[in-house]
Each structure stands twice: as structure tokens, then as C-alpha cells.
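Please follow the sequence and the model below side by side.

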Number of protein chains: 2
Amino acid sequence: MARCTITDVAAASGVSIKTVSRVLNDEPSVRPETRRRVREAMTAMNYQPSLPARSLAGRRSSLIALLFENPSANYVFAVQSGAMAKCRETQLRLLVQPLNDLGEPLIEEVLAMVDQTHIDGVVITPPLSANAELIAALDSRGLPFVRIAPDGTSHSSPIVEMDDEAAAHEMTSYLLALGHRRIGFIKGHPGHHSSKLRLEGFQAALASWGVDPAEQPVEQGYNSFESGLTAARRLLACTQRPTAIFASNDDMAAGAIFVAHEFGIRVPDELSVSGFDDTQLASTIYPPLTTVHQPSYTMSYTATGLLIDLIKRNAVPASTQLAHNLVKRASTAPPRRAN
Amino acid sequence: MARCTITDVAAASGVSIKTVSRVLNDEPSVRPETRRRVREAMTAMNYQPSLPARSLAGRRSSLIALLFENPSANYVFAVQSGAMAKCRETQLRLLVQPLNDLGEPLIEEVLAMVDQTHIDGVVITPPLSANAELIAALDSRGLPFVRIAPDGTSHSSPIVEMDDEAAAHEMTSYLLALGHRRIGFIKGHPGHHSSKLRLEGFQAALASWGVDPAEQPVEQGYNSFESGLTAARRLLACTQRPTAIFASNDDMAAGAIFVAHEFGIRVPDELSVSGFDDTQLASTIYPPLTTVHQPSYTMSYTATGLLIDLIKRNAVPASTQLAHNLVKRASTAPPRRAN
DNA sequence: TTGTACGCGTTATCAA
DNA sequence: TTGATAACGCGTACAA
């Protein structure tokens with residue numbers, strides 16, 4: 001059961017190590033009969049190629065990295081699962097690299113990781129995907145990367161995104177269609193580009209319904225549950241209390257629902273609340289949250305696939321947009337509805 | 001800015017590559033002056049040692065793996081963060097390996113990973129930590145590993161755990177002290193050893209208070225929110241409705257609170273609910289959940305530290321028990337309390 | 001179609 | 001305390 005090498009396989013199947021190498025890499029010029037013999041020997045001996053040896057000799061490490069700096073367990077889990085699923089299909093290994101609150105040394109840490117491990121490529125999740133210095137640093141190494149939901153900065157690397165503005169527009173229209181005319185908005189983290197887009201979608205929808213966006217109460221949030229609490233308390237303390245709150249993500253929406261419970265405001269009878277992302281949390285709180293389903297898993301799965309194509313020097317689309325959809329649950333209803 | 005090698009550093013500092021290697025590995029027999037010169041050259045050239053080269057030449061890959069098969073985003077996130085934090089301190093890389101619902105090929109997949117990547121060691125989280133075949137397979141490779149919260153199976157590998165039974169005992173005593181005498185229990189996933197311990201703690205506490213455990217309603221859950229819904233519906237449909245529900249984890253407790261909301265049962269006035277784990281969810285739902293804080297992050301951090309010691313062939317304790325504590329929040333109160 | 005010789009960047013052995 | 005040289009397991013260039 002001890003580890004065996006390409007030399008052992010070569011000896012066992014009566015060929016040279018080079019031929020074994022050819023079979024390993026699916027190179028064309030090998031006689032089918034030979035290929036079969038080598039394959040048999042490999043499985044019989046339970047041969048596993050050494051990744052370090054391959055990456056030292058060849059140009060590839062068969063390793064890619066997933067970079068994130070995001071405190072949301074649900075989001076990180078979804079993104080990792082998507083990337084892993086694609087890696088599993090393609091025999092790649094995934095190195096996860098959380099970059100939590102490290103400030104300055106972030107770039108250095110990433111570069112050190114890149115140089116040490118000989119990574120083949122990187123998938124970058126928001127908000128890192130909008131980090132210009134990081135992008136420049138990766139560029140300086142000539143490393144392929146794919147960004148998920150970056151900001152509008154022009155760069156040749158492929159991006160995977162959803163239409164945050166359109167989604168926020170739809171959600172707002174839905175609330176307006178229910179009859180709400182005073183809708184409190186909780187903005188997302190200023191560092192995330194999607195925060196800006198979601199606000200714009202909200203405002204555009206209001207305008208298209210002839211409602212003045214400037215008259216709607218807007219509070220700053222930071223994507224955390226706690227920031228949702230604070231923002232919602234402010235919104236609900238207004239003299240003209242909104243009949244609905246649209247939070248830029250589910251965690252903050254959960255905060256709004258929490259505050260409503262505290263204040264004895266019934267949801268959705270007296271207050272509608274909607275979120276964004278459709279994380280597991282959305283269907284775990286009461287009432288279950290109307291939200292926008294963001295395909296985080298699929299975005300990451302797709303991004304990883306693109307990265308692999310990029311590494312193989314295949315042509316890849318500059319931008320891929322994935323579909324979202326409105327998930328209507330029990331946290332929204334017409335305002336002050338009868339009983 | 002291009003990558004430079006040990007040879008470049010050797011040339012720049014006027015020594016042989018072997019001496020650079022010695023400095024790199026903190027070997028003793030290097031003159032301080034020489035060491036300083038080499039160090040300077042390394043930082044000046046921004047030298048980064050090649051991990052693949054090191055693992056090919058040496059015995060170590062500086063890579064460890066974290067194995068998990070757990071659908072809970074919060075748990076996985078906590079465990080990963082803990083392991084990463086320790087890795088960051090010690091210049092190790094972490095390979096995360098989710099093994100989702102794959103059944104049979106699980107062992108093969110792990111062994112392939114081990115053989116290909118030349119991992120130095122493994123941290124195993126529940127429920128995999130109780131998988132006898134996996135343990136045996138890892139043993140067959142002579143690979144060091146540390147298990148988090150395994151079952152009682154005797155094995156020489158170090159384990160890190162908390163006292164699930166004592167914690168469940170405390171929580172139950174707390175509910176009894178509040179005055180509850182009819183407490184519904186939702187069991188955890190049958191595959192997790194901790195599920196058994198938590199039930200035993202519950203029953204032991206009842207017995208020590210002179211309450212017959214056999215008369216308390218117990219439902220099977222599977223650690224998911226949905227299974228909590230199902231179990232809670234059963235418990236609350238009883239003719240003799242319990243005044244409290246103790247769920248074996250937070251997700252299921254959230255399910256119980258959800259059902260209470262649906263049924264119009266006020267929490268905690270008419271029904272107390274408590275959970276286990278103290279995930280982020282516990283303080284995000286309303287009312288916030290009384291629960292047991294399980295130190296998942298610390299357990300993983302500790303386990304990773306032990307693994308590193310194990311790899312270095314240092315002596316490590318066979319078992320490490322981390323402290324838990326009861327977190328009292330608003331979801332529990334005396335039964336049918338005045339007002 | 002197949003094989004030989006060399007190099008990848010580092011650690012290990014042994015000698016100086 | 002230091003250095004020359006041989007591994008480590010594989011891919012690449014070139015030859016057969």
C-alpha cells in the first residue's frame with residue numbers, strides 16, 4: 001500500500017516513464033494497447049501522481065485559490081461549495097484563502113501565497129473583486145483570475161455577476177405594486193459595489209412609478225445583522241413610519257424584522273420587510289423573508305469553470321450574467337391590510 | 001519582481017544554496033553574521049520558497065487538510081476560521097475538503113487527496129471524526145490526524161471535544177429551575193455522537209430532579225431547520241403540550257420558534273425554547289435564543305495546533321476538553337408567567 | 001510510437 | 001560552520 005511512483009508503473013507495464021507520463025496527461029501519440037496496459041498497471045498499483053512533482057516539473061500546480069474577505073458564513077459557504085464542485089469535476093485542488101481584516105499586508109499575503117504555492121489561478125469574491133491594488137498585484141504576476149461581482153472598473157479579466165440593479169428594481173416594483181408608497185431602504189456596505197447598484201435600482205423603480213426617491217427614508221447599513229438593527233430602529237422611529245423596509249441583504253432584513261418584533265409591529269400586517277440574497281437565513285426566521293435569490297453557488301461554480309478555461313488558454317466571455325429571481329414569502333403584504 | 005530561487009539568494013549573499021536552505025529552516029549551525037546576510041538578501045529580493053520543491057525534496061509539504069461533511073454553513077465557517085487562524089501563525093497552508101453525501105467513494109477520495117498532495121496531517125470534524133473506516137484508512141498511511149468531537153472509539157489520535165452531556169445537563173437544569181416540568185426534547189442527527197450525549201445529559205438532569213425522563217416527549221431531528229419544524233409540530237400537537245422545548249441544535253430550535261409563531265404560541269410566555277451551539281443564527285432570530293455556546297472556532301484552532309505538534313513529533317495530550325457555557329437570552333422564561 | 005537525458009527548486013548526505 | 005552533489009517525481013526537448 002505504500003506510495004508508488006511513475007517509475008514503478010513504468011516497470012510494471014514494461015514501458016518507459018515517459019510513456020506513463022503520456023498516458024497520465026492524455027497525450028495522443030500512444031498506442032491504444034499500450035495505453036490500456038499502462039492504465040491497468042496504474043489502477044492495479046493504485047498509483048497517484050505526485051502533485052508537488054508535477055508542479056515542479058511542469059508549469060501547472062493543479063491548484064487554484066479562492067480569495068474572500070467576507071464575514072457572512074452563508075455567503076462564504078455557498079461560494080466555496082460552488083468552487084469545490086467545479087474543482088471536483090476537473091481534478092483540481094482548491095486553496096481557500098480568507099483575508100480577514102488584515103488591512104495593509106493583504107496584498108503581500110496574497111502574493112506570498114501565489115509565489116509559494118505556484119497557484120494556477122484565482123477566483124476573487126466581493127468585496128476583494130473590486131480591490132484595484134489586488135488586481136494590479138495579480139496582474140503583475142501574470143496570473144489568470146476571474147472576478148465575481150466586481151465594480152465597473154475596466155479590466156480584461158472575466159467577470160461573473162448578476163444584475164443587482166434590475167433585481168432591486170423588481171423588488172421595489174413589487175412593493176409598490178402591493179400599494180406601498182413609503183418604503184424605507186437600508187443601504188449595503190459602502191465597500192461593495194453591489195450596494196450602489198441595489199440603491200440605484202430602488203431609486204429608479206420609485207421614479208418610474210412617479211414616486212420621488214428623495215422623499216423615501218434611507219439609512220446606511222454594513223451588511224451585518226447588527227447594522228440592520230440600528231438602521232431599522234431609525235427608520236421605525238420616524239414620525240412618518242414607512243409601511244415597508246427593503247434591506248440590501250438578508251442579514252439586515254432579519255435585523256428589521258427583529259426590531260419590528262421588539263416594537264410590537266406586526267410583520268407583514270403593519271410592516272412589510274424584504275431582503276436580498278436568499279441565504280439560508282431568509283427561510284429560517286419568522287416570518288420567512290421575501291427576498292431576491294442571488295445565485296452565489298452558481299456564480300462561483302461558473303467563475304471557477306471560466307478560470308479553468310482561462311488557464312487552458314481557451315477563449316472565455318468577458319462577462320457572464322446569471323439570472324436572479326424574486327422569492328415571495330410571508331414577510332411582505334399590502335400595507336395596513338384589513339385584519 | 002519575477003520569482004527568484006534559492007540559487008539567486010545564494011549568489012546575492014555569497015554563500016552556497018545549502019546555507020540559504022539552513023537559514024530558511026532555522027537550522028542552528030550557521031554563523032549569526034552569515035544568517036543576517038542571507039536574511040537581508042532574502043527580503044531584499046522578496047524571496048519566496050517554492051512549496052512544491054520543498055515538499056518534493058523534503059518530507060513535509062507544509063500543507064494540512066480540513067475534512068468535513070456538514071451542511072451547516074455556520075459550523076463550517078467557524079471551524080475553517082479557527083483552523084486558518086492557526087495555519088496563519090505557523091506558515092502552513094490549509095486545504096479544505098468537503099465530502100458531501102458521496103457515500104462509498106469517500107475513503108478513496110480522501111486517500112487520493114492524501115497521496116497526491118503529500119499532506120502532512122489532517123483535522124477531522126464531526127461526523128467524519130467518528131467514521132471508523134476513514135480513521136483506519138488514514139492510519140494505514142501513517143498520517144497524523146486530530147479529531148474533533150469523535151465518538152468514544154478508542155484510538156491513539158488526539159481528540160478535542162467539549163462536554164456535551166454536562167452542557168445538556170446544565171441547560172435542562174436551567175429549564176427545570178425556571179419551573180418547567182414538561183419539556184419536549186428534539187434529538188440531533190443519529191450520525192453524530194454528540195446527539196447521544198446531549199440526550200443523555202437531558203435525561204440525567206431530569207432524573208436528578210426527580211422527574212421521570214420516560215414521561216417527557218422526545219422527537220427525532222436531523223440537525224436541519226426543516227427537521228426542527230417537523231419535530232416541533234409533533235411536540236406542540238400533543239394533548240399535554242410541553243411548556244418548554246430543548247432542541248439539540250440551534251437550527252432545530254429556530255424551527256421550533258418558527259412553529260410557535262405559526263401556531264400563535266408566544267415565546268417565551270407560553271413556550272420556552274432553547275438550543276445548542278450558539279451559532280450566529282441564535283442571536284438573529286426573534287426572540288433571541290437561549291443556547292449552549294459551543295466553542296467551534298476554538299476547538300478547531302486547538303485541534304490544528306495539536307496537529308502541528310503531532311507533525312513535529314512533540315508530545316500532545318490524548319484528549320482536550322474545552323469549556324462551554326450557557327447563554328441565556330429571551331427565548332426562555334418561567335412557564336405561563338404572570339402577564 | 002517510444003525512449004533518453006536533463007531540469008524544476010529544494011532538502012539530505014557527506015565531506016571539507 | 002560551510003559546500004559540492006545527489007536525490008525527490010515528474011514534464012520537456014530531442015532523438016530514435
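**A sheet and its helix**

In chain B, four strands make up an open sheet with parallel pairing, ordered β7-β6-β8-β9. Strands β7 (218-220) and β9 (272-274) of chain B lie at the edges with a single partner strand each, so one side of each has no neighbour in the sheet. Neighbouring strands are turned by 15° against each other on average, direction ignored. Strand β6 (residues 183-187) of chain B is joined to β7(B), which runs parallel, by three bridges, and B:Ile186 has B:Glu219 in β7(B) as its bridge partner. Helix α11 (residues 250-263) of chain B packs on this sheet, where it touches β6, β8 (244-247) and β9 of chain B, and its direction makes about 160° with that of β9(B).

Helices (H or I, at least four residues) and strands (E, at least two) are DSSP runs numbered from the N terminus, and strands pair if DSSP finds at least two bridges between them. Axes are lines fitted to C-alpha atoms, for helices over the stretch in contact, with angles from 0 to 180 degrees between N-to-C directions; contact requires C-beta atoms, placed from the backbone, within 7 Å.

The model is predicted, with local features needing pLDDT of at least 70 and side-chain atom pairs counting only at pLDDT 80 or more, while totals for chains, interfaces and linings use all residues. Residues are numbered from 1 along each chain as its sequence is written, and chains are lettered from A and ligands numbered from 1 in the order in which they are written.

Around DNA strand C there are 25 residues (C-beta atom, placed from the backbone, within 6 Å), the closest including A:Ser29 and B:Ile6.

Conventions: Contact = placed C-beta atoms within 7 Å.
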